[in-house]
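Trainee: I would like to go through this chain and ask what stands behind each word we use for it.
Mentor: Go ahead, and ask for the cut-off each time.

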Amino acid sequence: MGSSAAMEMDDDEYAKLIRRMNTPRVAIDNDSCENATVIRVHSVNKHGILLEVVQVLTDLNLIITKAYISSDGSWFMDVFNVTDRDGNKVWDEEIISCIQTSVESDACFFPTLRNSVGVMPSKEHTSIELTGTDRPGLLSEICAVLTDLNCNVVKAEVWTHNARAAAVVHVTDESSRGAIEDPRRLSTIRELLCNVLKGDNTSRTAKMMVSAGLTHTERRLHQMMFDDRDYERLGASGEGDEKSRPQVAIMDCSEKDYTIVILRSKDRPKLLFDTVCTLTDMQYVVFHGTVHTGSAEAYQEYYIRHVDGLPISSEAERQRVIQCLEAAIERRASEGLELELRTEDRVGLLSDITRIFRENGLRIRRADISTIGGKAVDTFCLSEMSGNPVDAETIDSLRRQIGQTILKVKQNPWPPTKPPEAASTTGFLLGNFFKVCSFQSFWLIRSYS
């Protein structure tokens, strides 16, 4: 693998036969590690299978605390240490069975059977993809237009990063409660939403796509923002402290003809998915890797080549990979007040909620909207228009207008002031980043020799 000839074998019948004779094997072990469930995956190698496995674990809301990746030659071997969201081992038989059946299925092992972004026919809803310039009140305007067009938002995810916004919105027809199929109506939705996305800014293109399909939303959002070049920093972005930004280093491993990519960042759920997704969609193959999460910090190290079999060869390519990985980590990491809304779903609910946020001078940084059993379960990450934290008075106002029992604070908007030792730890991390990287890289190079 890792060469153009190997990639062309995807359609070769003999190669397909070999893969079918060596489908993935999954072993789940709750005995060998004291504080995590160990998942071992073995299979014939194929570009994209690492992402498929990580995607399965992430979609089950499992936290990957450690990972060891090896896919040299034609064989793929991975070990993942995982816990549930509460930090406990995975004992639920239903989840264990789901991991085994999902990873060992043909759908996971043969991703070429599906579209690269996971689009599959659906009669239940219409999927709308939006990208454009971020601005205060944008989601509120989008929801208002959809409500006026008798569309009900049943699920949506919205990301903002570096003055850009991307959203995947699932809507149904208000009367039929199914997908919208009338071409003229879809054309009207497209035209009106494009007008909202363009706003007063013509310097960047607004895009909208409508598809009657089901998308793996988070991978699609990464692809949409990558296509919109959100990794290009337009002057001072003003998003977060420069010291809290992810640290990415790229080095050559000439002995083995690899490029070494090392990342250090604040740990959070789905971090591994975000970085592996970006490398995969940029057409890089991870041959070896180590992932370790500690006290709020995550370390990732990958030995990669492009799918054509070559390591990174130019400074321009090196800088582009660094920028894209930084963006992949930051898209989901915007800090702010995190609110959770739970109430009976109704047409226009999201339009009303987002309007209240806008009227209280708040900006939506991220949103995750879903409908479960007739109930709306929505999470919003908010800040003031200036980017500052939301004050207590505004939070009280929101809860009075929306409902004290309906709206709850998930994340404390006023983190305690960092003690001097925390600040010195950060300084030590940044000051010794490359020294630590070089040491760990040297150790791994020797172990692979």
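Trainee: What percentage of the residues in the chain is buried, and what does buried mean?
Mentor: Buried residues make up 51% of the 449 residues in the chain. The word means under 20% relative accessible area, while exposed means over 50% and partly exposed lies in between (1.4 Å probe, protein chains only). Note that this is a predicted model: local features need pLDDT of at least 70, side-chain atom pairs count only at pLDDT 80 or more, and totals for chains, interfaces and linings use all residues. Residues are numbered from 1 along each chain as its sequence is written, and side-chain values use heavy atoms, with hydrogens and water left out.

Trainee: How many helices and strands are there, and what makes a run count as one?
Mentor: The chain has 14 helices and 18 strands. They are DSSP runs numbered from the N terminus: a helix is H or I with at least four residues, a strand is E with at least two.

Trainee: Why is threonine 126 called buried?
Mentor: Its relative accessibility is 1%, and the limit is under 20%, so threonine 126 counts as buried. Threonine 126 belongs to strand β6, residues 126-133.

Trainee: What does the side chain of threonine 126 reach, and what makes that a polar contact?
Mentor: It reaches the backbone nitrogen of isoleucine 180 at 2.8 Å. A polar contact is a pair of N or O atoms within 3.5 Å; within protein, one must be able to donate a hydrogen and the other to accept it, and residues adjacent in sequence count only if both atoms are side-chain atoms.

Trainee: Is arginine 219 buried or exposed?
Mentor: Arginine 219 has 11% relative accessibility and therefore counts as buried. Arginine 219 lies in helix α8, residues 217-227. Its side chain is joined to that of aspartate 281 by a polar contact of 2.5 Å.

Trainee: Why is α8 described as largely enclosed by the rest of the structure?
Mentor: Because 10 of the 11 residues of α8 are buried. Among them are Leu221, His222, Met224 and Phe226.

Trainee: How do you know that the buried residues of α12 are on the same side?
Mentor: In α12 (residues 392-402), the buried residues are Thr394, Ile395, Ser397, Leu398 and Ile402. They cover an arc of only 160° around the axis, which puts them on the same side of α12. The arc is that of the directions from the helix axis to the C-beta atoms. On the other side of α12, Glu393 and Arg400 are exposed.

Trainee: What covers the buried residues of α12?
Mentor: The cover includes β15 (337-344), α11 (349-359), β16 (362-372) and β18 (407-411).

Trainee: Why is the pair of phenylalanine 357 and phenylalanine 380 called edge-to-face?
Mentor: Rings of Phe, Tyr and Trp (its six-membered ring) pair if their centres lie within 6.5 Å; planes under 30 degrees apart count as stacked, over 60 as edge-to-face and the rest as tilted. By this rule there are four aromatic pairs. The rings of phenylalanine 357 and phenylalanine 380 have centres 5.0 Å apart and planes at 75°, so the pair is edge-to-face. Phenylalanine 357 is in helix α11 and phenylalanine 380 in strand β17 (residues 375-384), so the pair ties together parts 23 residues apart in sequence. Both phenylalanine 357 and phenylalanine 380 are buried.

Trainee: What makes arginine 305 count as lying over the face of phenylalanine 287?
Mentor: A charge sits over a ring if NZ of Lys or CZ of Arg is within 6 Å of the ring centre and within 35 degrees of the ring normal. Arginine 305 lies over that face, at 4.8 Å from the ring centre.

Note on methods:
Contact = heavy atoms within 4.5 Å.
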